[in-house]
Amino acid sequence: MNQASLHRGISLQRIGAMILRYWYLLLSSWPRLLELLYWPALQVITWGFLQLYIAQNANFFARAGGTLIGAVILWDILFRGQLGFSISFLEEMWARNLGNLMMSPLKPIEFLLSLMIMSLIRLAIGVIPMTLLALFLFHFNVYALGLPLIALFCNLIFTSWSVGIFVSGLVLRNGLGAESIVWTLMFGIMPLACVYYPVSVLPVWLQYVAWTLPPTYVFEGMRALLIENAFRTDLMLSALAINAVLLVASFGAFLALLRSARKQGSLLSGGE
Amino acid sequence: MTGNDKASSPPTVAERSSSAAIAVDHLVKVYKQTRAVDDISFSLPRGSITGLLGGNGAGKTTTIAMIMGLVLPTSGRVQVLGHRMPEESAAVLGRMNFESPYVDMPMRLTVRQNLTVFGNLYAVKNLSDRIATLAADLDLTDFIDRANGKLSAGQKTRVALAKALINQPELLLLDEPTASLDPDTADWVRSHLERYRKANNATILLASHNMLEVERLCDRVIIMKRGRIEDDDTPEAIMARYNRTTLEEVFLDVARGRVNGVQETAR
């Protein structure tokens, strides 16, 4: 056993072990794989046809081709990114395996890094087919956005990780009774993130709140790209700055909730 | 102070703590209004096997959880293999392991997959060889590629024990290791633990309700009641003190507040 690597720095071997654990799980369960593909495909089909209908009947949408379907794909990156993170975490709670992990040399930061990588893997399984479906059915090529797509994607995935880290901490502290937060918290920010409409639609006072959320910048940036063909670096940099603060804050919250869970003994129970 | 003086003087708390596998000092755990563990202290030498006895709610699991760092003490301190827990847990978690009925191995993963994951978490070298050795030692070969969820209770316990031994721990914490096992499998598990301890000079702390198991395995017994240590000695000394021939009788005396078979309140 490599004693030195057990307590010095971050261990890629331990992160790899956790990814292997989730990979084995995905491969052992076809319903888990199907679930990754099913909902994104359903979303893009529904909203794609709605976009077609509106475009045929409204001049603005005919010009702003793809804003709805683009918003659906980006929203799914945000939502699925968080779910991919949180579901991998919940798998440990459901399996009553958290005690084994917490007693092993695995560090919290390594656990979180493995969940982040798993969220990317799960996202790729669900969203890449979704984008191909959008291309095939509606001739909407999200990859035509080019390099700006990387900026949009990174900002969305950073937000999804921040939310995922925070809600995982809540579940760790409060047990599976807090599980519903995993599924619903992101929908709570959806109206303010202005996924399907510009920020200017909101009352002025609410716009200030909306601009505290990184996804608001991303969806505004997407509309600027699709409608005005302009890449708003100012929006992306603002989102990145807020995301940096959110990631640090969520990690701090996770550690505080983990400590609280140790105080309360909830790592042993993990139940309701 | 001469060399002789130093040799004859009793070891300090710090010296005892650093040489002991586990040193628990005035440990207290309070959950809201419940005092689960109430000012306990003990020290386990390396290579020893100790039984932690007590009824339900005596504080055994909470004590073990604090030793592992899963639960934070309200006050007091714990040292494991010379390191403070949980502050220095990173230095010792790779050298210890545990088995508990409060945790499971992932059900959908096969035995081999589970052992591969945990072997990598513990940075075990030559992992395939180690898994093969454990499979042979613990008789897992017939079902090593079967999902953990499809195993019988006895098979699952052996797999959990394989996970607990994957890193050849210097310190093994076992909470009810033979609960829900038939007598044959339970005996088999005990024999394996005895062999492991002898072969590796490992320290084992065992919480159990099974008095025969404790009598057979342990060279020391700590009896807990309502979060406190009621007695702490060799099984023989404790039985002699209570004027009993089995630990089960002692356990009943302690649980019912009797001394030498007489109800304490009636004396």
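What follows is a set of questions and answers on the two chains.

User: What kind of model is this, and how are residues and chains labelled?
Analyst: Residues are numbered from 1 along each chain as its sequence is written, while chains are lettered from A and ligands numbered from 1 in the order in which they are written. As to kind, local features need pLDDT of at least 70, side-chain atom pairs count only at pLDDT 80 or more, totals for chains, interfaces and linings use all residues, and the model is predicted.

User: How many helices and strands does chain B have?
Analyst: Helices (H or I, at least four residues) and strands (E, at least two) are DSSP runs, numbered from the N terminus. On that basis, chain B has eleven helices and twelve strands.

User: What percentage of the residues in chain B is buried?
Analyst: A residue is buried if 20 or more other C-beta atoms lie within 10 Å of its own, exposed if 12 or fewer, and partly exposed in between; C-beta atoms are placed from the backbone. Chain B has 267 residues, and the buried part is 46%.

User: Why is strand 9 of chain B largely enclosed by the rest of the structure?
Analyst: Strand 9 of chain B covers residues 220-225. It is largely enclosed because its buried residues number five of the six.

User: Which strands pair with strand 9 of chain B?
Analyst: Two strands pair if DSSP finds at least two bridges between them. Strand 3 (residues 49-53) of chain B pairs with strand 9 in the parallel sense, over four bridges. Five bridges join strand 9 of chain B to an antiparallel partner, strand 10 (residues 228-233). The names are strand 3 and strand 10.

User: Which residues stand opposite Ile223(B)?
Analyst: Ile223(B) is in strand 9 of chain B. On one side it faces Leu53(B). In strand 10 of chain B, the residue opposite Ile223(B) is Asp231(B).

User: Which residue in the turn between strand 9 and strand 10 of chain B has a positive phi?
Analyst: The two strands form a hairpin with two residues between them. The phi in question is about 50°, and the residue is Arg226(B).

User: Which helix of chain B gives the most to the side that touches chain A?
Analyst: Residues are in contact if their C-beta atoms, placed from the backbone, lie within 7 Å. The contact takes 32 residues from chain A and 31 from chain B. Helix 3 (60-68), helix 4 (89-92) and helix 5 (111-121) of chain B each supply at least two residues to that side. With six residues, the top contributor is helix 5.

User: What covers the buried residues of helix 5 of chain B?
Analyst: Ten of the eleven residues of helix 5 of chain B are buried, so the helix is largely enclosed. Among them are Val111(B), Leu115(B) and Phe118(B). The cover includes helix 6 (127-137) and helix 7 (153-165) of chain B, and from chain A, helix 2 (12-27).

User: Is Ala249(A) buried, exposed or partly exposed?
Analyst: Ala249(A) lies in helix 12 (residues 233-264) of chain A. Because its C-beta neighbours inside 10 Å number 13, Ala249(A) counts as partly exposed.

Note on methods: Two residues are in contact if their C-beta atoms, placed from the backbone, lie within 7 Å.
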